[in-house]
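Let's take a walk through this protein together, one piece at a time. Keep the picture open while you read.

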Amino acid sequence: MKKILSILLCLCAVMAVQAQVIKKGDAFWNGKVLYTVSEIRMGKIVYMQGVDASGNFYELTLEKVGKKAGNYKLIPSRQADDSPFRCPWNSRVTYVRKNGMYFLAVHNAAANLIVETLVLTPDNIINCQSQFEDVKERPISSIASTYLFNEELTTFLFTEEMKKHVKKFASKKNRTVIEDTNLQLMKSELEERESSRDDNGF
């Protein structure tokens, strides 16, 4: 009996680790592009091909970092010049698996914020876009604690409403993974807007 229990515990541990490893065929949605893992080179270079609702093509490449499951960094795809997110190349990307949420979190170390999320999804681009169109029409109060934001979604949110929820979540002691991530994404968007105002002399 003890032997069977040990085997079951080991199996559960292995399955938990595998769940935090990106696999070929996995699809991730960031509110604009549906990225699908098409190749994993040398067991550590994750290459994804993406498409948006208009049929435009995208690429995204991550490299496994260290031995701990779920740790990656953002690297250029082929001859890409600019990072696709609000962070430089080699920024940390973590595969978050918490409270039923499965998503990639892209970090900007300089801002100490998550600046983008890509949610693991079984849906196709049409369904992903349809769901996104529905969510972006909802008031922030109805989605801030229940729906994981991404950079694309925050661009549709009103500044004053975001400031209100940033203050609310910042003062909350036990934030959920959704609230904590959305807090960082809203901060990133607000900083971007403030920076744009400064650049334009407003």
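Before anything else, a word on naming: helices (H or I, at least four residues) and strands (E, at least two) are DSSP runs, numbered from the N terminus. Residues are numbered from 1 along each chain as its sequence is written, and side-chain values use heavy atoms, with hydrogens and water left out. What you are looking at is a predicted model, where local features need pLDDT of at least 70 and side-chain atom pairs count only at pLDDT 80 or more, while totals for chains, interfaces and linings use all residues.

The protein chain has a mean pLDDT of 90, with 88% of its residues at 70 or more. Be careful with residues 1–18, though: pLDDT stays under 50 there, and the model gives this stretch three contacts beyond four places in sequence. A contact, by the way, means heavy atoms within 4.5 Å.

Now for the strands. Two strands pair if DSSP finds at least two bridges between them. Start at β3 (residues 45–52), which pairs with β4 (residues 57–64) in the antiparallel sense over seven bridges.

Carry on to β5 (residues 71–75), which pairs antiparallel with β4 over four bridges. Leucine 62 has leucine 74 in β5 as its bridge partner. This hairpin has six residues between its strands, and glycine 66 has a positive phi near 65°.

Next, β5 pairs with β6 (residues 92–98), again in the antiparallel sense, over three bridges. Here tyrosine 72 stands opposite valine 93 in β6.

Which residue in the turn between β6 and β7 has a positive phi? That hairpin has two residues between its strands, and asparagine 99 has a phi of about 50°. The value is positive in a residue other than glycine. Asparagine 99 is also exposed, with a relative accessible area of 63%; exposed means over 50%, buried means under 20%, and partly exposed lies in between (1.4 Å probe, protein chains only).

Asparagine 112 is another non-glycine residue with a positive phi, near 55°. You'll find asparagine 112 in the loop between β7 and β8 (113–120), and at 66% relative accessibility it counts as exposed.

Time for the helices. In α5 (residues 159–170), the buried residues are Met162, His165, Val166 and Phe169. Seen down the axis of α5, they fall within an arc of 110°, so they line one face of the helix; the arc is that of the directions from the helix axis to the C-beta atoms. Why might that happen? An α-helix has 3.6 residues a turn, so residues three or four places apart point the same way. The face of α5 turned away from the buried side carries the exposed residues Glu160, Lys164 and Lys167.

Finally, visit glutamine 184 in helix α6 (residues 177–199). Glutamine 184 is buried, at 15% relative accessible area. Not counting residues up to four places away in sequence, glutamine 184 touches Asn112, Leu113 and Ile114.

Terms used: pLDDT = per-residue confidence, 0-100.
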